[in-house]
Amino acid sequence: MAIKAREITARERFEGAFLGFAVGDAFGYPIRDMEFTAMCRKFEKHGCLELAVSKQTETALFTDATQMMLFTADGITWADREAKGGEINYTSYVFYAYQFWLYTQTKTVAGREYAWLFDKEQNRRQCRLLKAKGLYKKRNTDDVSVEALLSARDNKYGRLINRINDNADNGGLKRVLPAGLYFNYDSEIAFRAGADFAAITHTAPVGYLSAGCYAAMIAELICGENLENAVNKAMRILREYEGHEPVLLTIDTALDFVKDQSISPREVLAKIGDGKTADEALAIAIFCALLHAEDFGNAIRLASNHDGESDVCAALCGGIFGAYRGVGAIPNRWIKKIQYYNLIMDIEEALFDVTVFGEKRGEPAPFPPQSEAPAAPVDDIFG
């Protein structure tokens, strides 16, 4: 008699998503923008196969992708606590969290109107991430995000209906994992949240729609959907948005190659692109996760060992894999090496506790499952 596999809990998926993302980011950081041939010369004949550790910190360092992902999670948690079971504009709190991130990178914020964020009397909930000195390090800092946040005076940040640039790079996409985790009860809302959070700094449709697609996938995976179905459901939502065609085409290209054994995986990545644009990074992450759905190490190695943005592609892949397979599927030897492991877990736990899965939740979810959802349109949720 076959033994039934143990069901992966929501908490294990949450931890897997956070740690998978951070591990992928750290794995790809040392080889970012290196050509694969150069990787093979520097590491092994098949490229970089193990997580590199900094000699100074004796830990694996992550980039601004994980930094901004953590600030996104903190902003959502802050908004949830302020909501107290009622409606609230999540995007504004995520934007404020990004002003905190901006301070870590530039030692300034967009204007004096944000000084209250640092005033303990006006803002009793101080951002715990500001206490981590390592987060002040500039590690592949996204200049587009910095410029957009510095220009956002009087809360005039980017939105789907307020385009501030035509940048389609992966800078908005790489930070929206927590949107899918928190809005897990409705992948359509998760999609809109991911798109809105990305559009704060990246208002090209390719940029924010890729982010929405990623958040919707994560929402489905956290609730136990299989990987292929999660991708297909996210793509169905994607089709409802204007300007979706380029993103849909890039993902479709990746999916067509998953079962095609006539071409090597690395050749597939070259055909998809280098991952610098959001749609390419998302498609590479999806392809690698689907191709190696049973092996985190192989998925991350493929997502990072190519001529392109190794850190972002591997981080996105790690988030997908972790949400799908749970933390138990990630090599523990890599988890132990991640810088600020305890801080990452603190932020993960705080976000988990305010979701519909959280055991410590004092208030009901501000936006309950769809069957009980308030009649307010999604635009009211995100402002």
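This is a predicted model: local features need pLDDT of at least 70, side-chain atom pairs count only at pLDDT 80 or more; totals for chains, interfaces and linings use all residues.

Trainee: How many residues of α1 are buried?

Mentor: A residue is buried when its relative accessible area is under 20%. In α1 that holds for 17 of the 19 residues, so the helix is largely enclosed by the rest of the structure.

Trainee: Which residues have the most contacts inside the largest nonpolar core?

Mentor: That core has 140 residues, and the ones with the most contacts inside it are Phe-18, Phe-197, Tyr-214, Phe-287 and Ile-320. Helix α8, residues 205-222, gives the most to this core, with 13 residues. Take Phe-287: beyond four places in sequence, its contacts include Ala-254, Phe-257, Pro-265 and Leu-302.

Trainee: And Ala-285, is that buried or exposed?

Mentor: Buried, because its relative accessibility is 0%. Ala-285 is part of helix α12, residues 278-291. Leaving out neighbours within four places in sequence, Ala-285 touches Cys-313, Leu-316, Cys-317 and Ile-320. Its C-alpha atom is 8.6 Å from that of Ala-299, 14 residues apart along the chain.

Trainee: Where does pLDDT stay under 50?

Mentor: Over residues 360-383, where the model has 48 contacts beyond four places in sequence. For the protein chain, pLDDT averages 90, with 91% of the residues scoring at least 70.

Methods: Residues are numbered from 1 along each chain as its sequence is written. Side-chain values use heavy atoms; hydrogens and water are left out. Buried means under 20% relative accessible area, exposed over 50%, partly exposed in between (1.4 Å probe, protein chains only). Helices (H or I, at least four residues) and strands (E, at least two) are DSSP runs, numbered from the N terminus. A nonpolar core is a set of buried Ala, Val, Leu, Ile, Met, Phe, Trp, Tyr and Cys residues joined through side-chain atoms within 4.5 Å. Contact means heavy atoms within 4.5 Å. pLDDT is the predictor's confidence in each residue, from 0 to 100.
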